[in-house]
Amino acid sequence: MTTDTLPGRGLLIVLNPKSGRDRSHDDPRPLIERHVPGATVHDLADGEDLARVVDAAMACEDPPTAVAMHGGDGSVSTMAHTARRHDIPLLVLPAGTFNHFSRAIGIETVDDALAAYLAGRRRRVAVAEVRADDDEPITVLDAVTLGLHPGFVAERKRRVDRLGTWIGGAAAAWRELRDAQPIRVGRGGRHARVWSVFVSVGANDEARIATLQRITLGDDRLDVRFHHARGSHTRAVASLAFGRKTTAVLRFLRLLPPESDIERMLLDDLDLTVHRAAGGELSFVHDGELVQRDGDAFRLRVKGIPDALEVYTPE
């Protein structure tokens with residue numbers, strides 16, 4: 001078999017060694033070498049820009065025909081944005097702490113991903129784009145969040161190196177329980193004090209508040225949940241529960257906020273003014289990536305984009 005006919009020819013795989021530091025992810029190289037020996041593999045160095053790596057490869061005489069990302073949700077989201085710019089398909093090799101998008105498309109392991117690639121199974125999925133003030137749009141695969149969740153993510157990032165993801169997450173939740181403050185958002189001339197805003201790509205599970213993982217692939221509507229600041233800190237932090245089992249337990253214990261505190265709407269696009277909470281930071285999160293803003297307020301726009309990204313899927 002010649003180099004030109006090796007499986008994986010035309011596939012650029014980028015490995016992010018910093019993803020999933022608290023999980024025991026096996027080195028994917030043996031699987032890559034066994035199943036797609038013709039692929040080009042690039043280890044992302046500390047501080048190296050992912051988009052520039054792909055742009056440089058696309059500028060070569062023999063550019064890749066598909067890209068793969070071995071990393072967590074943030075890395076995958078960045079690669080998705082780059083894949084969209086070059087109009088090439090994306091293969092997701094899960095390696096993060098949560099892997100929300102890979103689970104949404106049915107890929108649980110690297111084996112699943114490589115099998116999907118070798119079978120050539122692809123489909124187009126909807127995404128969203130988020131823009132803060134006049135910044136360039138950012139591709140969103142799962143969700144955009146405001147309020148408590150960005151504060152939680154910021155606290156977890158500060159603690160993860162010392163405590164690990166899960167203990168650091170628990171410590172961050174405790175900090176949020178103690179210190180969290182509502183934020184003020186404005187839309188269409190109306191203003192409200194809210195604990196959180198969750199914006200999911202596609203209609204999501206009605207039983208959840210923290211819709212951090214999408215459950216549809218073709219739906220380009222935005223499922224927007226405003227958690228109005230009427231209840232206690234405890235219920236506000238409990239609303240960050242993502243897993244179905246955890247949510248069920250918290251609902252049984254009556255720790256979740258009542259349905260009357262949650263305002264839900266399905267929209268094609270969302271345009272908000274976000275104001276800094278008293279003593280807090282001004283920020284938002286997209287696919288687990290924290291973005292901090294200067295000043296006392298900023299404009300946040302989110303828009304659903306149909307059939308925007310081609311991905312490899314198991315079915």
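**Exercise 1. How many bridges join strand S8 to strand S12, and do the two run parallel or antiparallel?**

Before we start, a word on the model: it is predicted, so local features need pLDDT of at least 70 and side-chain atom pairs count only at pLDDT 80 or more, while totals for chains, interfaces and linings use all residues. Residues are numbered from 1 along each chain as its sequence is written, and side-chain values use heavy atoms, with hydrogens and water left out.

Step 1. Find S8 at residues 183–187 and S12 at residues 269–275. Strands are DSSP runs of type E with at least two residues, helices are runs of H or I with at least four, and both are numbered from the N terminus.

Step 2. Count the bridges: three join S8 to S12, and the strands run antiparallel. Two strands pair if DSSP finds at least two bridges between them. Here Arg184 stands opposite His275 in S12.

Step 3. Now follow S12 to S15 (residues 297–312), with which it pairs over seven bridges, again in the antiparallel sense. Thr273 stands opposite Arg299 in S15.

**Exercise 2. Work out where the buried residues of helix H2 lie around its axis, and what covers them.**

Step 1. List the buried residues (under 20% relative accessible area, 1.4 Å probe, protein chains only) of H2, residues 50–58: Leu50, Ala51, Val53, Val54 and Ala57.

Step 2. These residues cover an arc of only 160° around the axis, so they sit on the same side of H2. The arc is taken from the directions from the helix axis to the C-beta atoms.

Step 3. Look for the cover: it includes strands S1 (11–15), S2 (40–43) and S3 (66–71), and helix H3 (73–86).

Step 4. Zoom in on Leu50, which has a relative accessible area of 7%. Leaving aside neighbours within four places in sequence, Leu50 is in contact (heavy atoms within 4.5 Å) with Val14, Leu44, Met69, Ser75, Thr78 and Met79.

Step 5. Finish at the start of H2, where a side-chain oxygen of Asp49 reaches to within 3.2 Å of the backbone nitrogen of Ala51.

**Exercise 3. Find out which residues Leu90 touches, not counting those up to four places away in sequence.**

Step 1. Inspect its surroundings: Leu90 touches Val67, Met69, Val76, Met79, Ala80, Ala83, Leu309, Glu310, Val311 and Tyr312.

Terms used:
A polar contact is a pair of N or O atoms within 3.5 Å; within protein, one must be able to donate a hydrogen and the other to accept it, and residues adjacent in sequence count only if both atoms are side-chain atoms. Buried means under 20% relative accessible area, exposed over 50%, partly exposed in between (1.4 Å probe, protein chains only).
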